[in-house]
Every structure is written in C-alpha cells, then in structure tokens.
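Colleague: I would like to learn how to read a model like this one. Could we go through it one feature at a time?

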Amino acid sequence: KGARGALEKAARLSPRYAPAWRWLGECERGELRWTQAERCFSRAIALDFRSAAAYAGRGECRLRLGQKAEASADLNFALGLRPDFEEARRLRDSIG
C-alpha cells in the first residue's frame, strides 16, 4: 500500500484536506486510472480552487477520456494560475 495507503488514510481522517486528494489523483493517474484520477482531482479542486497541479491533472485525465473541451478549459485555468507550468502547456498544445 505504501504512499497510496497513507494518502487514503489522510483523506479519510481529513476529508477536506485538498493535497491528499490531489496526490491520490496523482497515484490513480500513474496507474492510468483516468476516471478515478479525474474524481480525485475534482475533489481537490472543490476544496482548493487555486491548485494549478490539480487542474492540470484533471485536464490530462479529461484529455485521455476524450473530453477535449473540458481538458482545454482545465489546462488553460492551470496556466492562468501558473503561467510557467510547462506540463500544462504541453498538454494544452497537444489538443487538436
């Protein structure tokens, strides 16, 4: 379980702790579980709308799920929060 177990415990004990949800999203994304990751990133965003990383993560998930308009919106929002966010820029620029 390792890191995932610790993050799940943190989210369970402090369900309003946005970083736990964001990092759970990263774990799911790393396992290519796009729908589950998108849910975790959405939860993180609901708790902290200033997380450029959560928007970029959700944007990638939405892109992988074929939701290009939603992905573009998330990635643009991430770039609005952090204009130097190269991963978000790369993903946004890959949307055709």
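**Reading the helices and their contacts**

Modeller: Leu32 sits in the loop between helix 2 and helix 3. Helices here are DSSP runs of H or I with at least four residues, strands are runs of E with at least two, and both are numbered from the N terminus. The model is predicted, so local features need pLDDT of at least 70 and side-chain atom pairs pLDDT 80 or more, while totals for chains, interfaces and linings use all residues. Residues are numbered from 1 along each chain as its sequence is written, and side-chain values use heavy atoms, without hydrogens or water.

Colleague: What is the phi of Leu32?

Modeller: First the general idea: most residues other than glycine have a negative phi. Leu32 has a positive phi, near 60°, and this residue follows helix 2.

Colleague: Is Leu32 buried or exposed?

Modeller: Exposed, because its relative accessibility is 55%. The cut-offs are under 20% relative accessible area for buried and over 50% for exposed, with partly exposed in between (1.4 Å probe, protein chains only).

Colleague: How do I check the length of a helix, and what does helix 3 give?

Modeller: Compare the end-to-end distance with the expected span, which is 1.5 Å times one less than the number of residues. For helix 3 (residues 34-47), 14 residues should span 20 Å, and the end C-alpha atoms are 20 Å apart, so the two agree. Helix 2 has 13 residues and reaches 18 Å, close to the 18 Å expected.

Colleague: Which residues of helix 3 are buried?

Modeller: They are Trp34, Ala37, Glu38, Cys40, Phe41, Ala44 and Ile45. Down the axis of helix 3 these buried residues fall within an arc of 165° (taken from the directions from the axis to the C-beta atoms), so they line one face of the helix. The face turned away from the buried side of helix 3 carries the exposed residues Arg39 and Ala46.

Colleague: What do the buried residues of helix 3 pack against?

Modeller: They pack against helix 2 (18-30) and helix 4 (52-64), where contact means heavy atoms within 4.5 Å. Glu38 is one example: it is in helix 3 and counts as buried because its relative accessible area is 15%. Beyond its neighbours within four places in sequence, Glu38 is in contact with Arg58, Cys61 and Arg62.

Colleague: And what covers the buried residues of helix 2?

Modeller: The cover includes helix 1 (2-13), helix 3, helix 4 and helix 6 (86-93). Among the buried residues of helix 2 are Ala18, Trp21, Leu24 and Gly25. Ala18 has a relative accessible area of 10%. Not counting residues up to four places away, Ala18 touches Ala44, Leu47 and Asp48.

Colleague: How many salt bridges does the model have?

Modeller: In general, side chains of opposite charge can pair when their charged atoms come close. The rule used here asks for a side-chain nitrogen of Lys or Arg within 4 Å of a carboxyl oxygen of Asp or Glu, and the count comes to 14. One of them joins Arg4 and Glu28 at 3.1 Å, N to O. Arg4 is in helix 1 and Glu28 in helix 2, 24 residues apart, and both are buried.

Colleague: How far apart are the closest N and O atoms of Glu60 and Arg29?

Modeller: They are 2.6 Å apart, in a salt bridge. Glu60 belongs to helix 4 and Arg29 to helix 2, so the pair ties together parts 31 residues apart in sequence. Glu60 and Arg29 are both buried.

Modeller: Another salt bridge links Arg92 and Asp93, at 3.2 Å. Asp93 is exposed, with a relative accessible area of 52%. Salt bridges with shared partners also join Arg22, Glu26, Arg29, Glu60, Arg64 and Glu87 into one network.

Colleague: Which residues make the nonpolar surface patch?

Modeller: Phe49, Phe77 and Leu81 make a patch of about 290 Å². Patch residues have over 30% relative accessible area and no salt bridge; like charges are joined within 9 Å and nonpolar side chains (Val, Leu, Ile, Met, Phe, Trp, Tyr) within 5 Å. The areas come from the Shrake-Rupley method with a 1.4 Å probe, and for residues only the protein chains shown count as cover. Phe77 lies in helix 5 (residues 68-81) and is partly exposed, with a relative accessible area of 39%.
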